[in-house]
Amino acid sequence: MRRRAADYRRPVRRKLTCWIWSLLGVFSIAGFVLFVVHHRHNHEDHVEQPVLEIESRNEQVVHERMNLTQDMLSVNSYARQLAEQTTLAKAYIIIAKEHNNLHLAWELSTKIRSCQLLLSKAAMRDEPISLDEAEPNIRSLSSLILKAQDAHYDIATTMITMKSHIQALEERANAASIQSMMFGQLTAESLPKNLHCLEIKLMADWLTKMSLRDFADERRNSPRLVDNNLYHFCIFSDNLLAASVVINSTVANADHPKQLVFHIVTDSIHYGAMLAWFLNNDFKGSTVEVQNIDNFTWLNSSYSPAVKLLMATDLRKYYFEGSQDTGVETKFRNPKYIHLLNHLRFYIPEIYPQLEKIVFLDDDVVVQKDLTPLFSLDLHGNVNGAVETCLEAFHRYYKYLNFSNPLISSKFDPQACGWAFGMNVFDLIAWRKANVTARYHYWIEQNADRTIWKLGTLPPGLLAFYGMTEPLDRRWHVLGLGYDVNVDNRLIESAAVIHFNGNMKPWLKLCINRYRPLWERYVNQTHPHLQDCATH
């Protein structure tokens, strides 16, 4: 039988073999996929934990290389986590107590104490907290915080509660601040026991020792008191020790102390003690005069509107009972502002009619340089030589005076620079010529209703000496040692006069300790009365 040609032959059947290979390929791919998935799952189960442990060990190694302070600054710090959780837990304690959930509050308090104990131990050994130490506390405190959140202390409730607590704390802080200010004011107004003791002993000397009175009579009419070739200083004070420090410091730093004359005016209560002190002490040959303000019979209500105003009942009530007036600073609630001694600075030409130039010193200053060059300064025809204080932003005229009053706004520049009382050189000839005292009287009368300024003696001084004040070099008079703890040491060292203006006077316990030695070095600690009174 003949075979067909190749083109006409049937193809060979290979279908079965192709399907077998296809099925084998599919199963192989599925098996591989299953193997990969299964292997990956096992790898996560068995490898993830060791990796975390390795990371934890690495973290622990890093923690061990740091102290607690560095650890607290670290993002991964366990101490930081504990501190933050403790702060949050404290907030939830307050909220839990308000909701009467005392058990939760107790649990949180217990855990907080545990965390604080752990933190304190770490601080004592100056080492970071390890994972083993921190983990139990972090877990337990976290669960309690979650429990508090799940209860009903959501974020909104927490915020409202914390806001109310913050407001309450602010009110308490303001009340405490006001109370502290009032107590400070009371302390500033009081006389320390040792100074009171000193004045009693000196007053006893004045009353029992006739030799002191005879000596006072001899020196009362000394020609040095009116000699314009000498250097004259005036101090108006009822504080014996403070006035003594002013004089001691002035003569100690003077090139020629025998050419200095000091004029003190005090009240009748302190007059005897002042005389006994200054007559019994030597001030390097300088002359000290003590006068009693009650002997100035010319200074009465018919001549001076200031005296009339100071005697008014409503003014005293305003000083001591006007605490509801928020426009008045507490520091002005001081009896010295209604004491006539504080206003004598405006009557210097009348008190010393024969003098031509004088330097006025407050009793809370300390002199560190020779002040005699002040008398040769050219004041350019002005009456008052003073250090300006407008380097301080608030020492401008508009801060002291009411410029809504047309009488003030029409005559004065609100941006005019203020100046300070405390160390002033006065040309008494120019003063008398300009009749500055009459200008002072005018403004006192205009302010009878206290609408131009509230209290104090500087505002009327700014008005009376307006256009007649010569600015001095700042180093002549440095202020702020009675309230500012940050006065530059270089400025203090270069100052001719340092001023303890403010409530923190150097003779009080509330003084700024940094500055107290500057004042104490001029106290005569060897005086027997001072030594006897030191224990009081």
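**Notes on helices, sheet and disulfides**

1. Helix α9 passes helix α10 in a right-handed crossing; a crossing is right-handed if the near helix is turned clockwise from the far one by less than a right angle, and left-handed if anticlockwise. The two axes come within 10 Å and cross at roughly 35 degrees. Axes here are lines fitted to C-alpha atoms, for helices over the stretch in contact, with angles from 0 to 180 degrees between N-to-C directions. Helices (H or I, at least four residues) and strands (E, at least two) are DSSP runs, numbered from the N terminus.

2. The model is predicted: local features need pLDDT of at least 70, side-chain atom pairs count only at pLDDT 80 or more, and totals for chains, interfaces and linings use all residues. Residues are numbered from 1 along each chain as its sequence is written, and side-chain values use heavy atoms, with hydrogens and water left out.

3. Which residues of α9 meet α10? They are L240, A243, S244 and I247, and their counterparts in α10 are A273, M274, W277 and F278. Contact means heavy atoms within 4.5 Å.

4. Helix α9 (residues 240-252) also lies across strands β1 (231-236), β2 (260-266), β3 and β4. Relative to β2, α9 runs at about 170 degrees.

5. These strands belong to an open sheet of 7 strands with mixed pairing, in the order β3-β2-β1-β4-β7-β6-β8. Because β3 (287-292) and β8 (469-471) stand at the edges with a single partner strand each, one side of each is left without a neighbour in the sheet. On average, neighbouring strands of this sheet are turned by 25 degrees against each other, direction ignored. Two strands count as paired if DSSP finds at least two bridges between them.

6. Within the sheet, β4 (residues 357-361) pairs with β7 in the antiparallel sense over 5 bridges. K357 stands opposite D427 in β7.

7. Helix α7 has 16 residues and reaches 23 Å from its first C-alpha to its last, close to the 22 Å expected at 1.5 Å a residue. The expected span is 1.5 Å times one less than the number of residues. Buried residues of α7 are L195, C197, L198, E199, L202, D205 and W206, and what covers them includes α8 (210-220), α9, α10 (268-280) and α21. Buried means under 20% relative accessible area, exposed over 50%, and partly exposed in between (1.4 Å probe, protein chains only).

8. How many disulfides does a search of the whole structure find? The search finds 2, a disulfide being a pair of cysteine sulfur atoms within 2.5 Å. One joins C197 to C533, with an S to S distance of 2.0 Å. This pair links distant parts of the chain, 336 residues apart: C197 lies in α7 (residues 193-208) and C533 in α21 (residues 528-533). The link of C197 and C533 is left-handed, with -70 degrees about the S-S bond, and both cysteines are buried.

9. The other disulfide is formed by C390 and C417, whose sulfur atoms are 1.9 Å apart. C390 sits in the loop between β6 (384-386) and α14 (397-400), and C417 in the loop between α15 (406-409) and β7 (423-427), 27 residues away. The torsion about the S-S bond of C390 and C417 is about -95 degrees, so this disulfide is left-handed. Both C390 and C417 are buried.

10. With bonded cysteines counted along the chain, the disulfides follow the pattern 1-4, 2-3. Two further cysteines deserve mention: C115 counts as buried because its relative accessibility is 0%, and C234 is buried with a relative accessible area of 0%.
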